[in-house]
There are 2 protein chains.
Amino acid sequence: MAEFTTLEHENLNSVVYAALCDALMQGRFQPGDRLKIRDLAEQFGTSVTPIRDAILRLANDEAITFRSPRDIRIPGMAESRYREIRAIRIRLEGLAAETAAQVATSANIRALEAILRENEQAIDAGDRLKGTQLNQAFHFMLPQIAGLPVLNNILRRLWLQMGPHISDAYIEGGRAMIDHHYPVIEALKRHDPAAASMAIVDDILLGGKPILERIVHGEERPARRA
Amino acid sequence: MAEFTTLEHENLNSVVYAALCDALMQGRFQPGDRLKIRDLAEQFGTSVTPIRDAILRLANDEAITFRSPRDIRIPGMAESRYREIRAIRIRLEGLAAETAAQVATSANIRALEAILRENEQAIDAGDRLKGTQLNQAFHFMLPQIAGLPVLNNILRRLWLQMGPHISDAYIEGGRAMIDHHYPVIEALKRHDPAAASMAIVDDILLGGKPILERIVHGEERPARRA
DNA sequence: ACGTCAAAAAAGATGCATCAAGTATCTTAT
DNA sequence: ATAAGATACTTGATGCATCTTTTTTGACGT
């Protein structure tokens, strides 16, 4: 999962960054949670320097923000921001799906089907964490198949921002969260770019509905203290 | 130009980051150029810490890379990567243009026209730096008009990567580089999203042609030493 | 001349001390 | 008992020392 495209010479800061990215994408942070450099340093068993480095990168990704100069927090998500991210995803994942449909091999298809099958089982078993991970894995597979690393990185950053807001939505959504993945695979099999794009758009709009509702009804500026 | 959406409490690291971003986008670095933290610290009159912070953020943006653990450089651009970035820009700037066409005010139009006029003059005067800056300003104005800050940031990062590769193309291109900006403004005036999108796509594909040719004929892995 | 290898210099990574600014706590006067 | 002010603590930013690895360089042999 934590496959980073570029560089990253297993520095401590990259290890911390990768770990925090995973935590973010898995919804292990809640909006409003506060991060303390010294605490994280203790948890990771490093000095504060690599933690600062990782935090800075995450802030650059807008995955965390400095509410005040000394108050590092997981930001809230305004509804307008979520809608914007969704619109961007539609364009970008649409492009990925179209391109993937043109070049997908049977091995690619099998990999997607394997993820989808596992995802079903995870959802049926009520395993929220595994469910979100596999859903993400499915989405990230398309730009990978398409050979679009830049696009993949952009999407990764968007998911970093969405992570804290999708936590419980997947359990509530049940299998409906991944129902739209089937038409995607069918379109790739037929090498039908337009159908692939439409299918992934359906997934983003319909499958993501519980997430939007959560955000709309949630606090814009999350309460103090977690 | 250096308007950063979020946070950024005028820390030293943010000052350095903003300065390096400007330098990158203005083409003041060449692919293959090496950056040294201690040298930059001397230039900025700070210690190495804020420089490291800024460099780390830039590396996270993939605007600079660590060729080896101790060799920080402006990366080269493979043709495939440029084509991918172009495809992404088409989708994203297309979305920005469509949205902008729906909401543009007459004040927005006037601002765009002012930039375009200035850009003409800069090109006629052979002022490469100002030409590229105003061209960028035009492109960044669309997501701003559209009210899409996330999209704006994504584009900013892409431009950070393109910056070192567009240096001399604008002089060679002459007015052809901005000819396609007129139809964009016309479409916004008519509140015609489809036309606005098509116009900006034309600009990206045709206006960017000299850039692609430069990249195709340039070195993939740039020569040592600048 | 050219290539090889080793010593020296360079350079980023890490850790840590200090600073400044904000926060919480405690004291004290009303 | 409450509120205002002072004190101590928290916490990120900055600077700096040190460590390790890389890069450079120059001497040496072919």
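1. A salt bridge is a side-chain nitrogen of Lys or Arg within 4 Å of a carboxyl oxygen of Asp or Glu. B:Arg190 and B:Asp192 make one, with their closest N and O atoms 3.3 Å apart. B:Asp192 is partly exposed, because its relative accessibility is 26%. Here buried means under 20% relative accessible area, exposed means over 50%, and partly exposed lies in between (1.4 Å probe, protein chains only).

2. A word on the basis of this note. This is a predicted model, where local features need pLDDT of at least 70 and side-chain atom pairs count only at pLDDT 80 or more, while totals for chains, interfaces and linings use all residues. Residues are numbered from 1 along each chain as its sequence is written, chains are lettered from A and ligands numbered from 1 in the order in which they are written, and side-chain values use heavy atoms, with hydrogens and water left out.

3. Start with the fold of chain A. Chain A has 11 helices and three strands. Helices (H or I, at least four residues) and strands (E, at least two) are DSSP runs, numbered from the N terminus. Along the sequence the order is α-β-α-α-β-β-α-α-α-α-α-α-α-α. Of the 226 residues in chain A, 55% are buried. Contact means heavy atoms within 4.5 Å. Take the contacts in chain A between residues at least 6 apart in sequence: 75% of them join residues at least 24 apart.

4. How are the two chains related? A rotation of 180° with 0.0 Å of shift along its axis places chain A on chain B, with an RMSD of 0.0 Å. The two copies are thus related as by a two-fold rotation axis. The superposition is by least squares on the C-alpha atoms of residues with pLDDT of at least 70 in both copies. The copies meet through the same surface, because 100% of the interface residues of chain A are also interface residues in chain B.

5. Next, the interface. The size of an interface is often given as the accessible area lost when the parts come together. Chain A and chain B bury about 3,200 Å² between them, and 57% of that is on carbon and sulfur atoms. Buried area is the accessible area (1.4 Å probe) that two parts lose on being put together, summed over both. In contact are 38 residues of chain A and 39 residues of chain B.

6. How many residue pairs are in polar contact between chain A and chain B? There are 16, with both residues at pLDDT 80 or more. A polar contact is a pair of N or O atoms within 3.5 Å; within protein, one must be able to donate a hydrogen and the other to accept it, and residues adjacent in sequence count only if both atoms are side-chain atoms. On the side of chain A that touches chain B, the elements giving two or more residues are α1 (12–25), α3 (48–60), β2 (65–68), α4 (79–103) and α7 (149–162). The largest share, nine residues, comes from α4(A). By class, this side of chain A has 17 nonpolar, 10 polar and 11 charged residues. Ala, Val, Leu, Ile, Met, Phe, Trp, Tyr, Cys and Pro count as nonpolar, Asp, Glu, Lys and Arg as charged, and the others, Gly among them, as polar.

7. Four salt bridges run between chain A and chain B. One of them joins the side chains of A:Arg91 and B:Glu98 at 2.9 Å, N to O. A:Asp53 also pairs with B:Arg52, with closest N and O atoms 2.9 Å apart. That pair goes from helix α3 of chain A to helix α3 (residues 48–60) of chain B. A:Asp53 counts as buried at 2% relative accessibility, whereas B:Arg52 counts as partly exposed at 29%.

8. Over all chains, the whole structure holds 22 salt bridges. Within chain B, B:Arg73 pairs with B:Asp71, the closest N and O atoms being 2.8 Å apart. B:Arg73 and B:Asp71 are both buried. In chain A, salt bridges that share partners join A:Arg34, A:Asp71 and A:Arg73 into one network.

9. Look at two residues with positive phi. B:Glu62 is not a glycine, yet its phi is about 60°. B:Glu62 sits in the loop between α3 and β2 (65–68) of chain B and is buried at 8% relative accessibility. B:His191 has a phi near 50°. B:His191 sits in the loop between α9 (181–189) and α10 of chain B and is partly exposed at 43%.
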